[in-house]
Amino acid sequence: MDSAAEKIEKWSKSMAKGKKKNNKGLLIGGVLLLLLAALYGLVLAANQKNSEEEAEGTIPLFALNREEIVKISYTNLEGTYHFQNVNHNWVSEEEPEEILSQSYLVNIRNIFTGLDAESVVDTKTQNLENYGLDQPSYSLTAVTEAGEEYTLYIGMFNSSMDQYYAYTNKTEGVYLISKRPVTYIEYRLSDMISTQNIPYMAADTVSVYRHTWNGETISLEKKEEGSVYDASDVLIWFLTTGFSHEVGCSTSVLEELFENTAKLAYRKTAAANVTEEDLGQYGLDVPKGSLYIEYRDSDSGEEKVYELLIGDLTEEQTYYVMEAQSDKVYTMSKEDLENILNNTKYDYVYRYPAIVNVRTVDRIVFEAEGVSYTLGVRTEEKTEENGTTATDYIYSYQGIELGEEQQKTASSLYSGIISLGAERIVDQPEELGEPIDFSILFERKSEPKEVKVLFYPYNSSYYLCSVNGDAIYLINQRDLEGYKSQIFAVLNSFE
């Protein structure tokens, strides 16, 4: 039997041996932990690298230098179109004479300078029928200076991914790509043709404007010397159709007309090299309307004519149009054209029937209830201190010259007399009947020597106003009654 001392010694040796085993186990465990940590780090790095590659779109399909691309073509649901770069300008091979909006072609070219796939569907170019790629809906091709072709074929649309299936002739596999290429090649050639305004015609260079629409022809002419039917001496544009004689035109409506004319632009070229046999397709064999403008070219000073024929309305709510003697059919905005063509002859009339330039007047005679009231006008030239010449208008009433304060009142009265406004001009009635007991007669120094303004009953709301028996205006009854009252109130103050 072991003594106590021997037992203690054996126990100590046993503990020392166990401690060595534990230390050895701890060492092995630590090494394993280090290996696992290193492996985990490698996995994380690999995943991060893959994520970065996916985020950066590093599945390249095309990465050409844009300068080496000399031709591009594409096929969409409408057809196939070919373009070539001529002196840094993209030109249609089908319609080389057309001027194209370059942004369309630059966008298509740029597909080949940087297109990455969103993901790989199949590493092999196979089973194309599963993706609509056996008969692709779209394709586009770039040709380099070296004659090498790069083609992208685009098949079905994956709505859940919002992407298209595609493959190329240069990279093995089937891919999903963004919608960008399709958005750029959905256009027809006619969509790319650069819109251009009609020839520039400054308002002050136009001498004749005429349009025909809905069976009515409206003709406006500029007459620098005025018209024998105009006593204003301020109007130079006259309506020369639609009434028994030419009628002065509203300056505000003319301004709007020329502003709207300057906005006219061709939207698309619908057809070129059109023959007479083709015109019926566009409603241009018997045009629905026309636009005719004589103008002076602002650059050359040459007198020119612009004539536009207007045909049918398209599905896109534009009109087919063509210039006279041209073989091209364009489209033009319905709204822009109708802003001009829907004006009627009544819209152009200057609606102040009694406007007469005071410089030309000797006397104004008012008649009411069988009594005449005469306001005389004479001119007096005077030289100002700065050497300029001014004209004073001296008024008299019933042959007696008015006083200084009454002169101011008479001047204001004259302004009121010529500012009578009409609702509109109307067609000449067959019978005007008897005039009401109120008239105004302007006796003048120049032609027409007399301007006589008469008023006739019309209905419960309006009178008809006749100027020298020709132009007939519609005058609101209340306006005319107020007009008469003001005139006679001032005339009576001169008694």
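Ring pairs gather Tyr373, Phe438, Phe455 and Phe488 into a cluster. Rings of Phe, Tyr and Trp (its six-membered ring) pair here if their centres lie within 6.5 Å, with planes under 30 degrees apart called stacked, over 60 edge-to-face and the rest tilted. The model is a predicted one, in which local features need pLDDT of at least 70 and side-chain atom pairs count only at pLDDT 80 or more, whereas totals for chains, interfaces and linings use all residues. Residues are numbered from 1 along each chain as its sequence is written, and side-chain values use heavy atoms, with hydrogens and water left out.

The protein chain has 495 residues, of which 41% count as buried (buried is under 20% relative accessible area, exposed over 50%, partly exposed in between, with a 1.4 Å probe and protein chains only). The chain exposes about 27800 Å², and carbon and sulfur atoms supply 47% of that area; the areas come from the Shrake-Rupley method with a 1.4 Å probe, and for residues only the protein chains shown count as cover. Among contacts between residues at least 6 apart in sequence, 57% join residues at least 24 apart, where contact means heavy atoms within 4.5 Å.

In soluble globular proteins, nonpolar side chains tend to be buried together. A nonpolar core is taken as a set of buried Ala, Val, Leu, Ile, Met, Phe, Trp, Tyr and Cys residues joined through side-chain atoms within 4.5 Å. The largest such core has 74 residues, and those with the most contacts inside it are Leu220, Phe366, Phe438 and Phe442. Helix α9 (residues 477-493) gives this core its largest share, 6 residues. Neighbours within four places in sequence aside, Phe438 is in contact with Glu367, Ala368, Phe455, Leu480, Tyr483, Lys484, Ile487 and Phe488. Another core lies apart from the largest one and has 31 residues, including Leu61, Leu64, Ile69 and Met192.

A pair of aromatic rings is described by the distance of the centres and the angle of the planes. By the ring rule, the count comes to 20 aromatic pairs. One of them joins Phe157 and Tyr164 in a tilted arrangement, 4.9 Å centre to centre and with 55° between the planes. Phe157 is partly exposed at a relative accessible area of 37%, while Tyr164 counts as buried at 12%. The pair of Tyr414 and Phe442 is edge-to-face, because the planes stand at 80° with the ring centres 6.5 Å apart. This second pair links distant parts of the chain, with Tyr414 in helix α8 and Phe442 in strand β26, 28 residues apart. Tyr414 and Phe442 are both buried.

Rings also meet charged groups, a charge sitting over a ring if NZ of Lys or CZ of Arg is within 6 Å of the ring centre and within 35 degrees of the ring normal. The charged end of Arg210 sits over the ring of Tyr292, 4.4 Å from the centre. Likewise, the charged end of Lys345 sits over the ring of Phe243, at 4.8 Å from the centre.

Helix α8 (residues 404-417) holds Gln407 as well. Gln407 is buried, with a relative accessible area of 15%. Its side chain reaches the backbone oxygen of Leu402 at 3.0 Å, a polar contact being a pair of N or O atoms within 3.5 Å; within protein, one must be able to donate a hydrogen and the other to accept it, and residues adjacent in sequence count only if both atoms are side-chain atoms. Beyond its neighbours within four places in sequence, Gln407 is in contact with Tyr393, Ile394, Tyr395, Glu401 and Leu402. At the start of helix α6, a side-chain oxygen of Ser333 reaches to within 3.3 Å of the backbone nitrogen of Glu335. In α6 (residues 334-341), the residues Asp336, Leu337, Glu338, Ile340 and Leu341 are buried.

Most residues other than glycine have a negative phi, and most peptide bonds are trans. Asn127 has a positive phi near 55° and is partly exposed at 39% relative accessible area. A cis peptide bond joins Glu447 and Pro448, with omega about -10°, and Pro448 lies in the loop between β26 (438-444) and β27 (450-457).

Definitions and conventions:
Helices (H or I, at least four residues) and strands (E, at least two) are DSSP runs, numbered from the N terminus.
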